[in-house]
Amino acid sequence: MRLRGGAAVAVLIMLSVAGCKDTTGASGPEATAGGDSAGNSGGGTGGGAALTAAESLPVKGRAPKTGYSRERFGSAWADTDSNGCDTRDDILKRDLKQVKFTGGDCKVSYGVLESDPYSGKEVIYRRGASLVDIDHLVALSDAWQKGAKYWDASKRIALANDPLNLLTVGASANRSKGDGDTATWVPPDKTYRCTYVAAQVAVKKKYELWVTAAEKAAMKKVLSACPGQRLPSGGNPTNAPSRFHAK
């Protein structure tokens, strides 16, 4: 039976260091060591210090963006976890409060983002006229230039729909991010930066993406202010079911 009312399918780990925002129970990527509440194996690291994980990421230059398109990561919001709802609605249900549905318990028609992770402001979601985005924490274009262009389609589709890499945010702040990495963009709300960077590190480590030297330096700078920041894990497997295809 599926839970209504924006009940979380994932719970963020509590931050243990002063100066980083306590996001327990708030919107954010999957952060448990053993997978998500649906029993999916996360393939994550099982927790650990985000700063240590950032230091372990391989450093290379960007590959050419040539050949990138959204379609290389499959159709948008594919139901890769086979729960009958598309990925976008899954994340809206996870992150929003006061959720209302239309035509069943999949399509979210209304909800409240009580505190936008990027701006700290309350944002209202209304289907068809939304001020809310679902952000890929590691942008797909960024992933393409740092390893994903060499993957098979199954892994790219998995990344695009992995709850670990998805977050409900206010559209205004998110549009300023574009496909930036940590070296070029961090959330305006400084209290969320440790959590945000830790999530990017977790995704890059899980999917074996590399970082640029400037990106790694920026990650370490942010995480050095919260050296006890835990590393999220979990989400979906790193290969989508074989029925999904990408161009």
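**View A. Helix α2 and its covering strands.** Helix α2, residues 87-95, is mostly covered in this predicted model, with 8 of its 9 residues buried. The buried residues are Thr87, Asp89, Asp90, Ile91, Leu92, Lys93, Arg94 and Asp95. Among the elements that cover these buried residues are the strands β1 (97-101), β2 (108-113), β3 (123-126), β4 (132-136) and β5 (166-170). At the start of α2, the backbone nitrogen of arginine 88 has a side-chain oxygen of aspartate 86 within 3.1 Å.

**View B. The disulfide of cysteine 85 and cysteine 106.** This view shows one of the 2 disulfides that the structure holds, in which cysteine 85 is joined to cysteine 106 with an S to S distance of 1.8 Å. The link is left-handed, with -70 degrees about the S-S bond. Distant parts of the chain are linked by this pair, since cysteine 85 belongs to the loop between α1 (50-56) and α2, whereas cysteine 106 belongs to the loop between β1 and β2, 21 residues apart. Cysteine 85 has a relative accessible area of 1% and is buried; cysteine 106, at 18% relative accessibility, also counts as buried because the cut-off for this class is under 20%.

**View C. The disulfide of cysteine 194 and cysteine 226.** The sulfur atoms of cysteine 194 and cysteine 226 lie 2.1 Å apart and form a disulfide. The torsion about the S-S bond is about -110 degrees, and the disulfide is therefore left-handed. Because cysteine 194 lies in helix α6 (residues 193-206) and cysteine 226 in the segment after α7 (213-224), the pair ties together parts that are 32 residues apart in sequence. Both cysteine 194 and cysteine 226 are buried.

**View D. The two sides of helix α7.** The end C-alpha atoms of α7 are 16 Å apart, which agrees with the 16 Å that its 12 residues should span at 1.5 Å a residue. The buried residues in α7 are Glu215, Lys216, Ala218, Met219, Val222 and Leu223. These residues cover an arc of only 160 degrees around the axis, so they are placed on the same side of α7. An α-helix has 3.6 residues a turn, so residues three or four places apart point the same way. On the other side of α7, Ala213 and Lys221 are exposed. The cover over the buried residues of α7 includes the helices α1, α3 (140-145) and α6.

Notes
Residues numbered from 1 in each chain as written. Predicted model: local features only at pLDDT ≥ 70, side-chain atom pairs only at ≥ 80, totals over all residues. Heavy atoms only, no water. Buried < 20%, exposed > 50% of the residue type's maximum accessible area, 1.4 Å probe, protein only. Helix = DSSP H or I, 4+ residues; strand = E, 2+ residues; numbered from the N terminus. Contact = heavy atoms within 4.5 Å. Polar contact = N/O pair within 3.5 Å; in protein donor to acceptor, adjacent residues only side chain to side chain. Disulfide = S-S within 2.5 Å. Expected span 1.5 Å × (residues − 1). Arc of directions from axis to C-beta.
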